[in-house]
Every structure is written in C-alpha cells, then in structure tokens.
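Here is a short report on side-chain contacts.

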Amino acid sequence: MTCVRTRAAVLRGPDTEYEIVDLEVLDPGPGEVLVEMAYAGLCHSDEHLRHSNPGGRYPIVGGHEGSGVVLAVGPGVTAVAPGDHVVTSFLPACGHCRFCAQGRSNLCDKGATIAKGELPTGTYPFRLDGEPLGGFCMIGAFARHTLLSEFSCVRIDPWIALDTAALVACSVPTGWGSAVYSGGVRPGDTVVVVGLGGVGVNAVQGAVHAGAMHVVGVDPVAMKREFAESLGATRTVAGTDEAAGLARELSRGTGADVVVVTVGKMSAEVYAGAAAALGKGGTLVLTALADRPADGDVQLGGQLATVFEQRIQGSLFGSCNPFRDIPMLLRLHEEGRLELDRLITRRYALEEVGQGYRDQAAGETVRGLLDHSR
C-alpha cells in the first residue's frame with residue numbers, strides 16, 4: 001500500500017498544544033476518499049479536543065470543518081469522483097441505518113467512532129512514525145491531505161468558493177439548525193441566542209430566516225454583538241440577566257419562546273442564565289459543549305419545566321442532514337439570503353493554528369479560517 005506524505009496539526013495528548021508534523025495518509029480503500037483539503041474552520045470543538053477526548057484516543061489530527069478537492073476514490077465509491085469539490089460532514093450519514101431511515105442522519109450509527117477518528121471500514125487514515133492515528137470526527141481537516149469515508153463527503157458545485165463553503169461543514173448548519181430545526185422557531189417568536197461566536201451568529205440567521213419577531217443576542221464581546229445585529233439580531237445585550245428581562249418585555253410577559261445556548265464553554269451558570277430567559281411553552285436548545293463532560297452538567301428546574309411545559313432539547317449538528325442541508329444553505333447564500341463571507345474574521349496558515357485559537361479565546365474572531373495554501 002502506498003501513502004501520500006502531508007503536514008498536519010496533531011494533538012499528542014490532553015492539555016497539550018497543536019504540533020505541526022509530517023504524516024503519511026493511506027490510499028483509499030473500499031468506500032474511502034482521498035481529499036486535498038483547501039480550508040478548515042477553527043471550530044471551538046477542536047479547542048475542547050485539546051483538553052479532553054471522551055471515548056477517543058491520542059494522538060489525533062485536529063479539524064473537522066473543511067472543504068477540499070477529491071484526489072482519488074476507492075473501490076465502490078459512486079457519490080464523488082476525482083476533481084470533485086467537497087465539503088466535509090463531521091457526522092457521517094450512511095442513509096441506511098435506523099436513524100438515517102427516520103430522517104435523523106445527524107445520529108447516524110456510522111458516527112460511533114468519530115472521537116477516535118477510525119473510519120467505518122476500520123481504517124485509521126494516518127500514520128505517524130509508523131503508528132496509526134485518526135482524524136477528529138473522521139475528518140482531520142487540519143491535515144493538508146486526509147482520507148475520508150464517502151459518507152463524510154458532500155459534493156458541491158465547482159463554482160462555489162471553497163473558503164466560504166468550509167463554514168457549512170459545521171458552524172453554519174449547527175447554528176442555523178439549532179434555531180430552525182432543534183428549536184422549531186416560528187413566525188412571531190421571541191428568540192434568545194446565548195453566545196455569538198461562529199455557531200451563535202448562525203443561530204441568529206436561522207431565527208431571522210424562520211420569521212422570529214424578536215431575536216436577542218447575548219455576548220460579553222461588543223464586536224460580536226455588533227456583528228449579530230448586522231445579521232438581523234433585533235437587540236443585543238452583554239449578559240443573560242439583562243436578556244431575561246428583555247425577553248419578558250418583548251414577549252409581553254411570557255418569556256422567550258426559544259433560547260439557544262451556543263457559548264464556547266457550557267457550564268451550570270450558563271444554563272441557569274439561559275433558563276431564566278425561557279418562557280411558558282418554550283424550548284431551551286443546548287448546542288454548547290464543555291471542555292470536559294462533567295463541566296457541562298446542569299441542574300434542571302423540574303417543577304418549573306412541568307408547570308410551564310418547557311422543553312429541553314439537545315442539538316447535534318443543528319439536527320441537520322448534511323446531504324440535504326449543506327447544499328441548501330449554499331443555495332441560500334447564492335441567492336443572497338444567508339451571509340457566509342463576512343463570517344470569516346481572520347485567516348491563518350497551518351503553523352498559526354495555535355494563534356488562531358488564542359485569538360478566538362480573546363474574543364477577536366467570529367470565525368478563524370485555516371488556509372492550507374499559505
């Protein structure tokens with residue numbers, strides 16, 4: 001078996017920094033696709049990976065939000081061909097398992113090994129000093145070249161710019177779908193979005209698209225509040241205390257119909273603030289994750305949830321179907337109904353991935369983008 005040599009950002013263990021290394025990438029086997037990555041979004045999930053990887057293993061290649069060009073395909077692959085432009089889906093969708101058959105492909109059974117990066121065929125796509133390792137979410141977008149399952153490749157039209165297309169691999173559908181699908185925002189609703197980073201601003205876009213009357217964005221960073229307003233947020237505030245009062249005022253006393261939590265780090269404190277803004281019959285959507293699972297444990301006010309008929313809804317990938325929603329979101333962008341270009345705040349070379357996450361932590365970016373051509 002021959003291998004492609006490539007460079008990648010790798011985490012050797014928890015609480016370490018990304019290290020730039022040379023790797024070997026295996027040739028595609030049955031059902032597998034070799035892709036030359038063009039761009040990768042600096043998603044906060046890869047920052048969580050730097051602290052813990054529950055159910056996974058290290059070393060691991062980071063990155064799961066990306067776009068690129070197919071170089072080669074293995075036997076039996078029919079969905080894509082060499083030369084095709086693709087967006088990665090960090091949750092594979094086989095189309096045949098119980099959950100795909102129910103229209104819930106974001107819960108596809110083939111996603112069981114995304115933390116390890118093992119492909120559905122049992123292959124680990126990379127070799128580091130002769131040892132096998134995976135790519136985060138079966139992607140490894142922080143590698144210039146990567147081996148993917150065909151279930152993780154969404155073909156896109158060749159005229160679509162690959163830089164903006166990379167964002168619809170995770171942050172855009174996760175945020176947009178958290179409002180539209182997971183939250184079920186309806187015309188006339190009052191919506192609160194807690195956290196206005198790369199996912200949260202797209203929850204704002206989704207809520208606006210679904211016809212919300214009021215969309216309140218919550219973030220301590222002024223730049224992010226201003227940006228959310230440019231995307232349609234009707235009001236923005238720095239904290240959930242102010243958001244809770246505003247939600248009651250705007251809804252004329254009942255509270256928010258939908259609250260979407262998209263902060264970088266989930267915590268009991270964040271949950272309590274978000275829950276305080278939720279009104280009668282409302283839905284609280286939990287999209288955010290914590291650095292470590294225990295940090296995201298929350299206390300449910302069961303009595304209030306019962307008498308107000310409130311619903312707590314987890315949201316993975318915004319309850320989206322990658323093969324349906326990624327092309328649809330790109331079409332909305334083409335038609336001028338979804339902003340993508342301005343979401344990219346800064347661009348980074350592979351060697352600058354650590355700086356990109358430091359800028360994110362400092363609140364200086366909405367979305368950083370790794371450019372593999374730099």
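Where is histidine 51 found? Histidine 51 sits in the loop between helix H1 (44-49) and strand E4 (60-61). The model is a predicted one. With 15% relative accessibility, histidine 51 counts as buried, because the cut-off for buried is under 20%. Its side chain has a partner: a polar contact of 3.1 Å joins histidine 51 and aspartate 15.

**Aromatic rings**

The count of aromatic pairs comes to four. One of them is formed by tyrosine 18 and tyrosine 357. Their ring centres are 6.3 Å apart and their planes stand at 20°, so this pair is stacked. The cut-off for stacked is under 30 degrees. The pair links distant parts of the chain, 339 residues apart. Tyrosine 18 is in the loop between strand E1 (3-11) and strand E2 (19-26), while tyrosine 357 belongs to helix H11 (residues 353-361). Tyrosine 18 is buried at 13% relative accessibility. Tyrosine 357 is buried too, at 5%.

Tyrosine 181 is partly exposed, at 32%.

Tyr18 and Tyr357 also belong to an aromatic cluster, together with Phe142. Elsewhere, a charged side chain meets a ring: arginine 57 lies over the face of tyrosine 124, at 4.4 Å from the ring centre.

**A nonpolar surface patch**

Which residues form a nonpolar patch on the surface? They are Leu304, Val307 and Phe308, with about 260 Å² of accessible area together. Leucine 304 has its place in helix H9 (residues 302-307). Leucine 304 is partly exposed, at 42% relative accessible area.

**Salt bridges**

How many salt bridges does the structure hold? It holds 18.

| Arginine 7 | Glutamate 351 | 3.6 Å |

Take the bridge between glutamate 351 and arginine 7. It links distant parts of the chain, 344 residues apart. Glutamate 351 lies in the loop between strand E17 (344-348) and H11, and arginine 7 lies in strand E1. Glutamate 351 is partly exposed at 49% relative accessibility. Arginine 7 is partly exposed at 36%.

Glutamate 335 is partly exposed, with a relative accessible area of 48%.

What does the bridge between arginine 346 and aspartate 359 tie together? Arginine 346 lies in strand E17 and aspartate 359 in helix H11, so the pair ties together parts that are 13 residues apart in sequence. The partners fall into separate accessibility classes. Arginine 346 is partly exposed, at 34% relative accessible area. Aspartate 359 is buried, at 8%.

Finally, salt bridges that share partners join Arg7, Asp22 and Glu351 into one network.

Key. Residues numbered from 1 in each chain as written. Predicted model: local features only at pLDDT ≥ 70, side-chain atom pairs only at ≥ 80, totals over all residues. Heavy atoms only, no water. Phe/Tyr/Trp six-rings, centres within 6.5 Å; stacked < 30°, edge-to-face > 60°. Helix = DSSP H or I, 4+ residues; strand = E, 2+ residues; numbered from the N terminus. Buried < 20%, exposed > 50% of the residue type's maximum accessible area, 1.4 Å probe, protein only. Lys NZ or Arg CZ within 6 Å of the ring centre and 35° of its normal. Patch = residues over 30% accessible without salt bridge, like charges linked within 9 Å, V, L, I, M, F, W, Y side chains within 5 Å. Areas by Shrake-Rupley, 256 points an atom, 1.4 Å probe, with all protein chains shown as cover. Salt bridge = Lys/Arg side-chain N within 4 Å of Asp/Glu carboxyl O. Polar contact = N/O pair within 3.5 Å; in protein donor to acceptor, adjacent residues only side chain to side chain.
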